[in-house]
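Here is a short note to read alongside the model. The points run from the whole chain down to single residues.

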Amino acid sequence: MHISSGRWVYGLSLALLTALLWGILPIKLKQVLQVMDPVTVTWFRLVVSGSCLFVYLAAVRRLPSWRSLCPKGAWLVAIAVCGLMGNYVLYLVGLKLLSPGTAQLVVQVGPIFLMIASVFVFKEHFSLGQGVGLLVLIIGFGLFFNQRLTELLTSLGSYTAGVLTILLATTIWTFYALGQKQLLTVWNSLQVMMVIYLCCALLLTPWAHPMEALQLSPLQGWLLLACCFNTLIAYGAFAEALAHWEASRVSATLALTPLVTFVAVAVAAWMWPEYVHAEDINALGYGGAVLVVLGSATVALAPSLFAGLRARRARLAS
């Protein structure tokens with residue numbers, strides 16, 4: 001089982017960087033998806049990121065050794081590759097149907113799925129604090145979707161299809177996160193990401209259409225390049241954060257991502273209204289978004305917080 005290094009300040013900084021980069025990513029992707037299909041966009045992101053990591057690791061003579069992988073490790077690679085590839089493609093499919101803010105908020109069910117998976121995989125307990133966090137998150141979602149709750153529950157239009165697709169993408173991401181966490185016992189974070197990126201790109205190659213990039217405007221071309229490097233830096237920071245900080249605390253920090261997106265969309269819509277449209281959400285919806293973030297963070301942090309309280313009480317009693 002992987003054990004964090006304990007360098008929590010470094011881990012926190014990396015988690016915050018990841019939240020920032022993931023927060024602004026859907027705004028850029030939304031522009032690129034006007035021309036390119038989700039599979040091709042994902043292929044470009046993975047090829048560029050994986051190639052950069054390969055060149056760097058080869059230059060410093062730290063390419064991963066497959067001999068160090070046991071049969072179980074090979075299965076972990078397969079799980080992480082399928083999880084990340086499915087998440088990338090399905091997220092972009094859903095993003096085409098939703099606004100950036102809505103897509104990022106729906107992703108916040110990820111910590112819930114990760115918590116459920118951890119109960120079975122790592123034999124963790126479901127605490128009272130996690131139950132409270134889950135309740136807050138559900139209430140938050142209800143408030144956020146207050147304007148379109150009837151549509152979500154009674155029809156399968158493009159909006160509902162987008163939400164369901166993002167939910168599926170988030171479910172698949174849970175398998176990637178679990179697999180990657182365990183692979184850190186064999187390789188470092190950069191080696192893990194290089195293997196996953198290049199394997200994903202190889203699997204997607206038959207369905208990718210690279211020539212679509214020639215149809216991009218100069219602005220869209222720069223945004224595609226920015227998305228590629230965003231992928232490299234953000235997921236590298238995420239992987240490294242997991243190496244230095246507990247997964248629950250990293251997950252709680254990443255709960256801030258939707259708020260970053262909402263702020264970034266508001267700023268971008270004000271500065272470039274011809275490209276970015278403001279979120280069509282009322283005040284109750286924004287309040288619900290805040291509750292979703294709080295609930296997600298509570299679910300992630302509750303186990304470690306309760307464990308700390310129990311340990312403190314035990315020390316005082318002794």
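1. **Overall make-up.** The chain has 13 helices and zero strands. Helices (H or I, at least four residues) and strands (E, at least two) are DSSP runs, numbered from the N terminus. In sequence order the pattern reads α-α-α-α-α-α-α-α-α-α-α-α-α.

2. **Basis.** This is a predicted model, in which local features need pLDDT of at least 70 and side-chain atom pairs count only at pLDDT 80 or more, while totals for chains, interfaces and linings use all residues. Residues are numbered from 1 along each chain as its sequence is written, and side-chain values use heavy atoms, with hydrogens and water left out.

3. **Burial and surface.** The chain has 318 residues, and 50% of them count as buried. Buried means under 20% relative accessible area, exposed over 50%, and partly exposed in between (1.4 Å probe, protein chains only). The accessible surface of the chain is about 15300 Å². Carbon and sulfur atoms hold 72% of that surface. Areas come from the Shrake-Rupley method with a 1.4 Å probe; for residues, only the protein chains shown count as cover.

4. **Contacts along the chain.** Take contacts between residues at least 6 apart in sequence: 88% of them join residues at least 24 apart. Contact means heavy atoms within 4.5 Å.

5. **Helix 3 against helix 9.** The axes of helix 3 (residues 71-95) and helix 9 (residues 189-204) come within 9 Å and cross at roughly 65°. Axes are lines fitted to C-alpha atoms, for helices over the stretch in contact; angles run from 0 to 180 degrees between N-to-C directions. Helix 3 contributes Val77, Ala80, Val81, Leu84, Met85, Tyr88 and Val89 to the contact. Among the residues on the helix 9 side are Val195, Tyr197, Cys199 and Leu203.

6. **Asn230.** This residue sits in helix 10 (residues 218-244). Is Asn230 buried or exposed? Asn230 is buried, because its relative accessible area is 4%. Leaving aside neighbours within four places in sequence, Asn230 is in contact with Leu21, Trp22, Ile24, Leu25, Lys28 and Tyr235. Leu25 lies 205 residues from Asn230 along the chain, yet their C-alpha atoms are separated by 7.2 Å.

7. **Trp272.** Look for Trp272 in the loop between helix 12 and helix 13 (283-317). Trp272 counts as partly exposed, because its relative accessibility is 43%.
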